[in-house]
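Please walk through this model with me, moving from the packing of its helices to the pairing of its strands.

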Amino acid sequence: MSWGTELWDQFDNLEKHTQWGIDVLEKYIKFVKERTEIEISYAKQLRNLSKKYQPKKNSKEEEEYKYTSCKAFLATLNEMNDYAGQHEVISENMTCQITAELARYVQELKQERKSHFHEGRKAQQHIETCWKQLEASKRRFERDCKEADRAQQYFEKMDADINVTKADVEKARSQAQLRHQMAEESKGEYSSILQKFNHEQHEHYYTHIPNIFQKIQDMEERRIVRLGESMKTFSEIDRQVIPIIGKCLDGITKAAESIDQQNDSQLVIEAFKSGFEPPGDIDFEDFTQPMKRTVSESSLSNSRGDGKSEPKFGGKSKGKLWPFIKKNKGAGPEDFSNLPPEQRRKKLQQKVDELNKDIQKEMDQRDALTKMKDVYIKNPQMGDPASVDHRLAELGQNMEKLRLEVQKFEGWLAEVEGRLPMRTEQTRRQSGLYETQNTSAVNNCAQDRESSPDGSYTEDQSQESEMKVPATDFDDEFDDEEPLPTIGTCKALYTFEGQNEGTISVTEGEMLYVIEEDKGDGWTRIRRNEDEEGYVPTSYVEVYLDKNAKDVSQITSENL
């Protein structure tokens, strides 16, 4: 099967067909190019999608990714980013291995096709020239033969005519002989050119054209093979990334399987656990038994009767309360005493870990500088050993400051951990839990009460005296005022050790008098006798207010 023998007369059709083949190749190049653009666009969209849902740094979202479900989602986003990268690889490989290669091949193919058809046209022109020579020789031979026949007829006519002179007859004879000679020469030339043309024509149709058409056929077959190879490469490029895409999908599956709902539930506990114990049972209030009136109640009636002590009561309580119940605003205290015990412990531990990391960084820098100094000492030409002394001194000072900070926070941490119940002792008796927990709660609340009006906290007595109202003014106000009337009674549910200023110690089951309700800060003011009064946590006592006392308390609150 050869185009040279089968299609020897289809030069123009072969030219059109090969041009169509190049057009097909260029169409496939355009197809692959558009595919690469789609892959790039898809990869870009996947990357933007992954970036859009990535947690922002130093935000609340970043804290949420401690949960296994959120970690799995983050792993999914990272895998999708890698997944997008594989589509970029597909685009890049198709561009390099198919688009660029085929574009270069098309240019070479066009040049080769042009060369082959130029050679074919040249051969065609040669055979056409030979044909024209043959035709010219044939016409000349034909003309000479006709000329010879006419000359022969004229001679015979002249020779038969008796009136013609002998000279004219001889002249006609010689003319006829000349024409016959010319016809013979034309015949010989025509015969020679004919033989030559037949030879050229045979060479043209059986040698030159078959060779040229064979080259064109080979060129076309190579184009077809190259197109097939490109299609195979097209699929192989996709197939090469399938294992990596499979790994990305396996990573997503593994991340999904790593979700631990119990662990997430435990993290919720660690994030929001306050460390306080729930309140105990409320005792039954027996209203069938009349309550015993006290002297304080009669004084309350007297004060209520004349109506003069109410403004004083309001003004005095407002002046006395602020050192104890002032709430924190803005940034919390350095020791995190505004937080529940469990959260405070976590914050303190986190702070200690951060400080230890900072110390380790300083130590690494110091070790590096020490080694550099040793090198300078051994090789003075490399540098001056004294040049690092200043930096070493700074690092030493920084490490000392950080160690002091660590000691301070570790002290607070030890204090908190000493007061918190052991988390492993789940079966510990409730009374013991209440005792340890209440101690922590009281101290935390007491520290809140030691804050100054501007929300700052003090670490020692000297600072406290500076930031609070002057002690002399406060003591004078406290001493000069009249005793507050009782507005009810209370029963201590748990033992409370009042170690801070303004608090009072109570024993579980003890009955005391209430002289001031909880104002929303978690503390109730009580009195044991005329000389002993102070604040206790509201959750530690069960309060029984008189109805009339409640009315007075409401009026007092309005005056406040």
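Helix 2 (residues 11–52) and helix 4 (residues 68–160) have axes that come within 8 Å and cross at roughly 165°, where axes are lines fitted to C-alpha atoms, for helices over the stretch in contact, and angles run from 0 to 180 degrees between N-to-C directions. That angle makes helix 2 roughly antiparallel to helix 4; angles under 35 degrees count as roughly parallel, over 145 as roughly antiparallel, 65 to 115 as roughly perpendicular and the rest as oblique. Helix 2 passes helix 4 in a left-handed crossing, a term that applies if the near helix is turned anticlockwise from the far one by less than a right angle, with right-handed used if it is turned clockwise. The residues in the contact of helix 2 with helix 4 divide into 24 nonpolar, 12 polar and 10 charged, with Ala, Val, Leu, Ile, Met, Phe, Trp, Tyr, Cys and Pro counted as nonpolar, Asp, Glu, Lys and Arg as charged, and the others, Gly among them, as polar. Helices (H or I, at least four residues) and strands (E, at least two) are DSSP runs, numbered from the N terminus.

This is a predicted model, in which local features need pLDDT of at least 70 and side-chain atom pairs count only at pLDDT 80 or more, while totals for chains, interfaces and linings use all residues. Residues are numbered from 1 along each chain as its sequence is written, and side-chain values use heavy atoms, with hydrogens and water left out.

Helix 2 also packs against helix 5 (residues 166–257), at an angle of about 15° and with the axes 11 Å apart. Helix 2 and helix 5 are therefore roughly parallel to each other. Here too the crossing is left-handed, and the contact of helix 2 with helix 5 has 15 nonpolar, 4 polar and 4 charged residues.

S69 lies in helix 4 and, at 34% relative accessibility, counts as partly exposed; buried means under 20% relative accessible area, exposed over 50%, and partly exposed in between (1.4 Å probe, protein chains only). S69 and I259 are 190 residues apart in sequence, yet their C-alpha atoms are 5.2 Å apart in space. E394, found in helix 10 (residues 389–419), is likewise partly exposed, at 29% relative accessibility, and its C-alpha atom is separated by 9.6 Å from that of R366, 28 residues away along the chain.

An open sheet is formed by 5 strands in the order 4-3-2-1-5, with antiparallel pairing, where two strands pair if DSSP finds at least two bridges between them. Strand 4 (533–537) and strand 5 (541–545) stand at the edges, each with a single partner strand, so one side of each is left without a neighbour in the sheet. Direction ignored, neighbouring strands of this sheet are turned by 40° against each other on average.

Strand 1 (residues 488–492) has 4 of its 5 residues buried, so it is largely enclosed by the rest of the structure. It is joined to strand 5 by 5 bridges and pairs with strand 2 (residues 511–516) over 4 bridges. T489 stands opposite Y544 in strand 5 and opposite Y513 in strand 2.

Strand 2 and strand 3 pair in the antiparallel sense over 3 bridges, and in their hairpin, which has 6 residues between the strands, G520 takes a positive phi near 105°. Strand 3 (residues 523–527) in turn pairs with strand 4 over 5 bridges. R525 is the bridge partner of E516, and in strand 4 the bridge partner of R525 is Y535.

R527 also has its place in strand 3 and, at 5% relative accessibility, counts as buried. Its side chain is joined to that of E533 by a polar contact of 3.2 Å, meaning a pair of N or O atoms within 3.5 Å, of which, within protein, one must be able to donate a hydrogen and the other to accept it, and residues adjacent in sequence count only if both atoms are side-chain atoms.
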